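Dear colleague,

Please find below the structure that I am handing over to you. My findings follow directly after it.

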Amino acid sequence: MSVKTGDMIRTKVITGVLICFFIALLSVSDVYADNGKTITTKEDLNHEDVRVGVGEGGVAEQIVEKELPKAKRVYMNHINGYPALAQGKIDAYVFERDQMQLAIDNGCQGIRLLDENMDETVHIAVGISPKSSLPDLKDRLNDFIRESKADGTLDDMYERWVLKNDETFPDITLSENPRYHLRVGTTGLVPPFSYYKDTQLTGYDIELAYRFAKWLDADLEFKVYDFRGLVDATKAGDVDCAMSELNVTPERAEAMPFTEDLFELPVGIAVRDESAVMPEYMTFEELGGKTVSMLTGAPFEDLVRSKVPDVGEFTFFNNTSDMLLALRSGKTDAVLTNSAISQLAVNRNADMVQFPEALKDGVFGFAFEKGDPELADWQEAFDAIPEEKIQAAWEKWTGSDESIKVLPKQDWPGKNGTITVAACDTLEPMSYAGENGQIIGFDNEVILLMAENMDVHVEFVGMEFSAILSYVESGKAKIGAGSIIVTDERKEAVDFIEYFPAAFVLIVRAAGDTGNESSFLGSVITSFEKNFIREDRWKMFLGGIITTLEITVFSIIFGTALGFGLFLICKNGNPFANTVTRYAFRLILGMPMVVLLMILYYIIFGNLDISGVIVSVIAFTLTFGAAVFRLLKVGVGAVDPGQYEAAYALGYSVNHTFFRIILPQALPHVMDSYRGEIVSLIKATAIVGYIAVQDLTKIGDIVRSRTYEAFFPLIAIAIIYFALEGLFGFLVNRIHIKIDPKKRGREAMLKGVKLHDQD
């Protein structure tokens with residue numbers, strides 16, 4: 001059982017993995033520190049040159065001040081403490097030991113716990129509002145806590161939630177006719193005490209609140225705040241009590257009364273793990289002469305040169321997965337990306353590490369058409385989103401629990417219509433295609449929060465990163481999203497709403513052996529499961545096949561009709577029709593297919609609400625029609641002119657001559673070439689991802705962007721294309737046999753002919 005909290009979409013944050021994702025946001029200027037300190041005991045910290053991280057205003061600050069008076073205290077919250085320690089910005093972090101152990105157990109890398117703890121412990125209790133209208137609330141809470149301790153309930157809860165990390169919420173039924181209304185304040189950000197799983201609050205404190213509400217005969221309302229807001233809300237009477245692993249401190253005790261202790265927690269000491277994986281390159285000087293890669297459309301060469309003047313060369317890729325594969329295979333030495341994507345990539349790939357020093361601070365932005373009159377309204381809608389909602393969304397999408405990474409339902413009225421959002425479909429965790437190709441991610445959840453305030457519905461259209469700004473500039477989308485960092489160059493093309501801090505960072509290979517060797521067969525099985533079975537990704541491939549078939553089949557049908565129709569118009573030598581057709585087809589066939597697609601999509605149909613699939617069919621219809629026109633001219637030209645003279649002499653009309661005599665002889669000459677054009681068409685459809693069409697190739701890119709593996713997605717795509725080409729080739733061959741007498745069997749040729757006639 002868990003607690004629903006309306007439209008607030010939160011997730012359980014597995015502390016270790018979540019907090020490690022913030023390393024990039026903190027690492028914007030400092031070099032990866034290695035100060036030579038080897039810390040093995042608490043006494044090693046009691047020196048003036050040692051930096052110890054503590055929470056501002058928390059118990060740990062007071063404990064460190066008392067027990068380590070010589071150490072330099074660095075103030076930060078528990079979300080930032082681990083990455084700061086892993087990056088060497090501090091030498092130790094003092095916090096609740098069980099919480100830090102949970103972080104390490106769940107994948108937080110680069111830190112370890114000392115065997116000894118601080119001498120003092122942390123006291124956890126329930127904060128009570130001095131303005132609560134509930135009678136004798138403090139006494140009642142204390143009575144409830146004493147009873148729960150006596151019968152072992154609190155011990156059982158602590159063992160389940162804290163020691164065993166058991167997320168099973170017991171069935172606690174509240175009264176249908178309660179005497180009281182209990183308002184409980186919490187944060188939803190401190191697993192395993194108060195956090196979100198899917199869209200519901202859960203954890204030790206949430207169960208505690210339910211049990212107390214049942215004991216009190218009350219219904220229950222949760223209100224969610226950040227830590228500072230929680231204390232203020234409790235003091236002001238917005239809630240009756242606060243339950244969120246609340247430390248009892250003298251300062252907090254002045255603001256509100258506390259119950260008896262729920263439990264005590266040991267205060268541990270975390271230090272940097274010297275065995276953590278180190279980057280292949282440690283300084284910008286070492287990148288001199290090396291290759292740096294970035295996404296197409298990311299004009300950051302000057303930014304790299306500002307740090308590495310003698311950089312070797314730049315290479316460009318359409319998606320992050322291809323860049324990382326190039327890095328792994330040694331085709332490039334560093335990959336430029338933003339902090340969010342970088343941290344997700346290095347957490348998934350043990351052979352990759354974030355470069356110790358960031359290139360530049362930045363900020364993520366949503367793109368709007370230049371001069372959009374509604375930009376101010378959207379900015380106001382963004383400003384109205386509570387900061388804790390945005391933070392919770394960030395933690396949700398950068399966390400490790402894939403099962404809860406879904407966008408909130410658009411269950412508001414949407415009275416102001418529907419807008420289109422151009423969203424990148426390969427930049428996890430910001431904006432990417434999830435299960436069944438649905439566009440999801442942190443960016444898109446924030447947009448939905450804005451859309452709810454604007455009372456509009458949202459349609460997300462996935463595409464390559466390089467196409468997003470063009471999509472917005474042309475007016476085909478209201479908003480562009482997808483891990484876009486605001487730059488001066490981009491501001492010249494579009495306007496932005498800035499929504500989250502970012503940094504430009506580099507990913508490099510890890511130095512030395514990562515120690516992840518496994519058998520070839522085991523790797524193959526794991527890779528197959530990851531790329532096809534996990535999250536039902538085979539369904540995405542199936543959807544891509546269907547889209548590719550739709551484009552191919554309709555393009556063949558319409559292209560054949562177009563080419564044949566134009567040939568009929570031009571075959572008798574009409575000078576105007578021949579001139580127009582010749583130059584039009586020369587123009588169409590003379591430009592790269594991707595350019596034709598983009599001209600049709602962004603210019604010719606730029607102001608029309610038309611899907612990328614339809615535009616793709618139109619584009620390939622034009623090119624295939626031109627090919628059919630050319631083939632017919634060749635085939636008809638191969639027929640002896642005497643055939644015309646003989647037909648006219650027998651009294652056939654012009655049309656009868658063409659359809660009954662010339663065309664049947666011409667088609668066999670061109671069927672092999674026609675089959676070749678179909679094969680070329682199937683392969684050419686692989687570029688439709690440029691205009692937001694999720695065809696087979698695009699689905700392969702999406703899957704690779706999630707798994708960072710190339711083998712199975714690319715092999716699968718190659719096999720599927722080979723099978724499709726074989727299928728269409730077989731169908732054309734059957735048609736060829738039907739119309740070419742030379743290819744028919746003896747029985748087919750003699751069908752209807754009587755043999756051995758007898759008188």
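Strand β25, which spans residues 494–509 of this predicted model, is mostly covered, with 14 of its 16 residues buried. Several strands pair with β25, and I take them in turn.

Strand β16 (residues 334–338) runs antiparallel to β25 and is joined to it by four bridges. Within this pairing, Thr337 has Val505 of β25 as its bridge partner.

Strand β17 (residues 352–354) is likewise antiparallel to β25, with three bridges between them.

One of the residue pairs is Val363 with Pro501, the latter lying in β25.

Helix α13 covers residues 339–348 and is mostly covered, since eight of its ten residues are buried. Among them are Ile341, Leu344 and Val346, as well as Ser339, Ser342 and Gln343.

A further point concerns an open sheet of three strands, in the order β20-β21-β22, with antiparallel pairing. Strands β20 (426–427) and β22 (439–440) stand at its edges; each has a single partner strand, so one side of each is left without a neighbour in the sheet. Two bridges connect β20 with the antiparallel strand β21 (residues 431–433), and Thr426 has Tyr432 of β21 as its bridge partner.

With kind regards

Terms used. Residues numbered from 1 in each chain as written. Predicted model: local features only at pLDDT ≥ 70, side-chain atom pairs only at ≥ 80, totals over all residues. Heavy atoms only, no water. Buried < 20%, exposed > 50% of the residue type's maximum accessible area, 1.4 Å probe, protein only. Pairing = 2+ DSSP bridges.
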